[in-house]
Amino acid sequence: MEALQILAITSSPVMLASLPHVPHEMLKELSEAASIPDEKKSLVHTVSIGLRSVIRNRPLAAIREIYRKLILLSLKGSILRLEETGTEPVSGWTGISASIRESCSCADYAQLAHTFQILFQDNFASSKQTLLEIGVEGAEKITGF
């Protein structure tokens with residue numbers, strides 16, 4: 001949850017500063033990931049490519065290292081492990097994926113960064129709700145979106 005919370009808070013400014021350094025080919029790859037028909041698979045691939053774009057292209061080494069660790073925490077927490085969550089619809093994904101595709105096609109970095117922030121905020125809120133529903137002790141004390 002902490003990794004998602006940090007991504008929800010920091011993703012927009014970090015991505016906004018990173019995206020101008022991302023090669024056009026990676027933006028195309030990101031757009032293709034957001035176009036995958038299976039929503040969960042599309043989400044996983046989009047998040048993975050988005051985070052990789054930061055760790056491969058961000059000029060500041062400290063941010064690259066922090067985001068490397070966030071990816072590892074996300075993997076450990078099964079947020080990015082498709083095989084454990086299976087095929088399932090993702091609430092709000094249609095609008096988010098459309099915004100990602102549009103932003104990539106015209107290199108609108110501000111919109112793309114904002115869309116990733118919404119994506120991580122929604123993911124955080126959804127994860128917190130799941131913890132509450134399954135009765136995880138202390139989940140109600142998690143603050144955030």
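Tutor: Let's begin with a definition: angles between axes under 35 degrees count as roughly parallel, over 145 as roughly antiparallel, 65 to 115 as roughly perpendicular and the rest as oblique. This is a predicted model, in which local features need pLDDT of at least 70 and side-chain atom pairs count only at pLDDT 80 or more, while totals for chains, interfaces and linings use all residues. Residues are numbered from 1 along each chain, and side-chain values use heavy atoms, leaving out hydrogens and water.

Student: Why are H6 and H7 called roughly antiparallel?

Tutor: Their axes cross at roughly 155 degrees and come within 9 Å. The cut-off is over 145, so H6 and H7 are roughly antiparallel to each other.

Student: What makes the contact between H6 and H7?

Tutor: Contact means heavy atoms within 4.5 Å. Among the residues making it are Trp93 and Ile96 of H6, with Leu112 and Phe116 of H7.

Student: How do you know that Val44 is buried or exposed?

Tutor: Buried means under 20% relative accessible area, exposed over 50% and partly exposed in between (1.4 Å probe, protein chains only). Val44, in helix H3, has a relative accessible area of 9%, so Val44 is buried.

Student: Which residues of H2 are buried, and why are they said to lie on the same side?

Tutor: In H2 (residues 24–34), they are Met26, Leu27, Leu30, Ser31, Ala33 and Ala34. They cover an arc of only 160 degrees around the axis, so they are on the same side of H2; the arc is that of the directions from the helix axis to the C-beta atoms. The face turned away from that buried side carries the exposed His24 and Glu25.

Conventions: Helices (H or I, at least four residues) and strands (E, at least two) are DSSP runs, numbered from the N terminus. Axes are lines fitted to C-alpha atoms, for helices over the stretch in contact, and angles run from 0 to 180 degrees between N-to-C directions.
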